[in-house]
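Take a look at the chain below. Then read on for a short tour of its overall build and a few of its residues.

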Amino acid sequence: MADILVLTTGGTIDKLYFDALSEYQIGDSVVSRLLAVARAACDVRIVELMRKDSLELTDEDRAAIAEAAHTAPEQRIIITHGTDTMTQTAAALTGIPDKRIALLGALAPARFAESDAAFNLGMAFATVQIAPGPGVWIAMNGTVFPAGSVRKDRTSNSFVPV
């Protein structure tokens with residue numbers, strides 16, 4: 001069993017853009033590359049669950065994410081996710097016993113030089129390691145929010161307390 005499980009679901013963090021019109025597709029997860037660059041020393045298992053924009057996630061997708069987290073042998077779980085519906089997925093994960101779960105995303109793809117992806121991933125790794133007990137958190141914009149206490153503010157393009 002790994003120290004930390006990373007479940008990838010898609011979202012901006014893994015987007016690839018092909019032209020000036022911002023046509024995109026979600027590509028291979030960048031998590032392993034980001035962890036290699038960071039020289040992360042944790043034993044990590046990465047599982048790709050899906051490659052979807054979070055606006056395309058369904059209740060069935062959220063149930064699949066929750067089931068993967070619930071049945072995983074790891075107690076520390078990080079989930080990469082699109083930012084638009086991250087709070088909905090966090091709500092679907094609330095109540096899973098004995099797990100420390102952190103969701104993160106990126107407001108710019110990890111493949112972009114000025115992306116927040118690596119920073120948010122680092123925050124999520126810290127969160128699942130130092131959280132005082134089981135629960136669900138969102139790690140975005142240099143802040144860790146308990147699930148249910150945050151929303152995405154489209155005006156400021158950041159996450160803020162509710």
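The report goes from the whole chain to single residues.

This is a predicted model, in which local features need pLDDT of at least 70 and side-chain atom pairs count only at pLDDT 80 or more, while totals for chains, interfaces and linings use all residues. Residues are numbered from 1 along each chain as its sequence is written, and side-chain values use heavy atoms, with hydrogens and water left out.

**The whole chain**

The chain has four helices and 10 strands. Helices (H or I, at least four residues) and strands (E, at least two) are DSSP runs, numbered from the N terminus. In sequence order, the pattern reads β-β-β-α-β-α-β-α-β-α-β-β-β-β.

How does the radius of gyration of the chain agree with that of a compact globule? For 162 residues, such a globule would have a value near 15 Å, and the chain has 14 Å, which agrees. The radius is taken over C-alpha atoms, and the globule rule is 2.2 Å times the number of residues to the power 0.38. Along the principal axes, the C-alpha atoms fill a box of roughly 45 × 35 × 30 Å.

Buried residues make up 49% of the 162 residues. Buried means under 20% relative accessible area, exposed over 50%, and partly exposed in between (1.4 Å probe, protein chains only). Contact means heavy atoms within 4.5 Å. Of the contacts with a separation of 6 or more, 64% come from residues 24 or more positions apart.

The chain carries 14 positive and 19 negative side chains, and the centres of the two sets lie 4 Å apart. Lys and Arg count as positive and Asp and Glu as negative; His and the chain ends are not counted. Each charge is placed at NZ of Lys, CZ of Arg, CG of Asp or CD of Glu.

**Helix α4**

Helix α4 covers residues 117–130. Its 14 residues should span 20 Å at 1.5 Å a residue, and its end C-alpha atoms are 20 Å apart, which agrees. The expected span is 1.5 Å times one less than the number of residues. Among the buried residues of α4 are Leu 121, Met 123 and Phe 125.

Asn 120 also sits in α4. Is Asn 120 buried or exposed? Asn 120 is buried, because its relative accessible area is 1%. Beyond its neighbours within four places in sequence, Asn 120 contacts residues including Leu 104, Ala 139 and Asn 141.

Asn 141 brings us to the backbone. Arg 39 and Asn 141 each have a positive phi in a residue other than glycine.

Val 30 is in the loop between β3 (24–26) and α1. At 3% relative accessibility, Val 30 is buried. Leaving out residues up to four places away in sequence, Val 30 touches Ile 13, Asp 14, Ala 110 and Arg 111. Val 30 and Thr 8 are 22 residues apart along the chain, with 9.4 Å between their C-alpha atoms.

Gly 135 belongs to strand β7. Which residues does Gly 135 contact, leaving aside its neighbours within four places in sequence? They are Lys 99, Arg 100 and Ile 101. Gly 135 and Arg 100 are 35 residues apart in sequence, and their C-alpha atoms are 5.2 Å apart in space.
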